[in-house]
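Try each task yourself before you read its solution.

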Amino acid sequence: MTKKILVTGGAGYIGSHTCIALHEAGYDIVVYDNLSNSSSEAINRVSRLIGQPIEFIEGDIRDAESLRQVFSAHKFFGVIHFAGLKAVGESVAKPLKYYDNNVSGTITLLEVMSEYDVKNLVFSSSATVYGDPETLPIDESSKRSCTNPYGQSKLTVEHILEDLAVSNTSWNLIPLRYFNPVGAHSSGQIGEDPNDIPNNLMPYISQVAVGKLAKLNIFGNDYPTVDGTGVRDFIHVTDLAQGHVAALNYLKDQSSSVGFLPINLGTGKGTSVVELVTAFSKVSGQDIPYQFTDRRAGDIASCYASADKAKSLLGWQAKLSINEMCQDSWRWQSMNPNGYKDKV
Ligand code: NAD
Ligand code: UD1
């Protein structure tokens with residue numbers, strides 16, 4: 001059986017780490033990315049880390065002809081589909097851009113997969129599909145609802161995958177619902193490289209620590225949580241990458257189709273914003289000045305996973321601690337204060 005995988009969005013933050021994990025697990029990879037939110041330098045560095053060139057195609061998932069050329073040239077076992085836009089605020093301002101890229105793009109990809117009879121897909125979904133959860137920890141059968149176009153685009157793709165699995169039982173469709181990915185490869189060579197001022201907590205903290213930003217605004221300290229600040233399930237991107245390998249290994253072992261099979265990737269543990277800031281400050285030895293401000297619109301108090309399904313089905317569980325997440329984020333940020341613009 002072929003062990004070749006198409007990785008859409010493989011030049012991005014999670015994709016680049018997953019390329020390394022796939023290579024180490026013996027998979028052959030082809031990366032397909034339009035570089036709209038990433039740099040070819042990430043591909044260069046992944047190639048260096050794995051000690052061989054990566055097959056990279058610059059292309060857009062909405063371009064069926066370009067995808068057909070890729071599927072004609074390679075016999076794939078399956079696709080890991082990271083390609084998508086992910087900024088919640090931008091999605092509110094530009095919903096059509098998000099639905100076009102994330103939903104139409106996925107439909108085009110699925111159509112071409114179908115043409116070439118490639119029926120195994122691992123899709124980047126998100127804990128955002130659970131909205132404001134009624135109970136914690138969140139398991140895969142929890143109610144789904146979304147309040148912004150980004151989340152809605154993920155939920156819509158999940159619905160499309162569910163319908164597809166019903167329409168034809170030969171599909172194997174695994175949406176992995178990521179909780180809060182943070183951290184970087186332990187080499188410090190690849191990591192998260194936001195284009196602008198970061199929206200997410202960990203890159204913001206790192207940029208304060210390295211002196212690029214003056215202070216962190218903590219959005220709300222009146223939530224019903226351990227210290228009043230938001231609680232999230234932070235997961236090391238290396239653990240997340242291993243979760244994708246586990247999902248593919250699982251699919252390779254199946255003798256019959258799995259249909260639509262959503263799986264959470266989280267640690268099962270919640271950490272508050274202040275707890276994360278404190279841990280980061282300790283491992284980096286840097287002061288992280290912060291102030292409390294109003295809650296951010298759309299934020300929820302607490303969100304953490306039940307990670308039982310991933311453990312029982314895939315034999316996967318997160319291993320790396322909050323300290324390791326902070327250490328690796330700090331190594332990446334301090335070695336590359338300007339991200340991939342810093343040549344190393
Ligand atoms: P990222 O922006 O670093 O990576 C996404 C990659 O997809 C980029 O390299 C971008 O250039 C590429 N891309 C975007 N649109 C494309 C298109 N039309 N055609 C080809 N390539 C395209 O983001 P990430 O953090 O690595 O996230 C990967 C996936 O995981 C995304 O789908 C995201 O929505 C999802 N996700 C991310 C998080 C998170 O916190 N990072 C959480 C949950 C889900
Ligand atoms: C956000 C998105 C979510 C997306 C995820 C990954 C929102 C409402 N949710 O999740 O849809 O899937 O990113 O891209 O945008 N915080 C601060 N100060 C900051 C930044 C964040 O206090 O400068 C707090 C937030 O209020 C929250 C926690 O840190 O309590 C985590 O925030 P963030 O990293 O943005 O992730 P989420 O909001 O969980």
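**Exercise 1. Find the ring over which the charged end of Lys119 sits, and give the distance from its centre.**

Solution. The charged end of Lys119 sits over the ring of Trp171, 5.4 Å from the ring's centre. The rule asks for NZ of Lys or CZ of Arg within 6 Å of the ring centre and within 35 degrees of the ring normal. Next, look at Arg295: this residue lies over the face of Tyr223, at 4.0 Å from the ring centre.

A word on what you are viewing: this is a predicted model, in which local features need pLDDT of at least 70 and side-chain atom pairs count only at pLDDT 80 or more, while totals for chains, interfaces and linings use all residues. Residues are numbered from 1 along each chain as its sequence is written, and side-chain values use heavy atoms, leaving out hydrogens and water.

**Exercise 2. Classify the ring pair of Phe280 and Trp330, and say which helices hold the two residues.**

Solution. Start with the rule: rings of Phe, Tyr and Trp (its six-membered ring) pair if their centres lie within 6.5 Å, and planes under 30 degrees apart count as stacked, over 60 as edge-to-face and the rest as tilted. By this rule the count comes to 6 aromatic pairs. In one of them, the centres of Phe280 and Trp330 are 6.0 Å apart and the planes stand at 80°, so the pair is edge-to-face. Now place the residues: Phe280 lies in helix α9 (residues 273-284) and Trp330 in helix α11 (residues 322-335), so the pair ties together parts that are 50 residues apart in sequence. Helices here are DSSP runs of H or I with at least four residues, numbered from the N terminus.

Last step, burial: buried means under 20% relative accessible area, exposed over 50%, and partly exposed in between (1.4 Å probe, protein chains only). Phe280, at 0%, is buried, and Trp330 counts as buried at 16%.

**Exercise 3. Describe where Thr18 is placed and what Thr18 touches.**

Solution. First, locate Thr18 in helix α1 (residues 13-24). With 0% relative accessibility, Thr18 counts as buried. Then check contacts (heavy atoms within 4.5 Å): leaving aside residues up to four places away in sequence, Thr18 touches Ile80, Phe82, Ala241 and His244. Finally, the side chain of Thr18 reaches the backbone oxygen of Ile14 at 2.9 Å.

Notes
Chains lettered and ligands numbered in written order. Polar contact = N/O pair within 3.5 Å; in protein donor to acceptor, adjacent residues only side chain to side chain.
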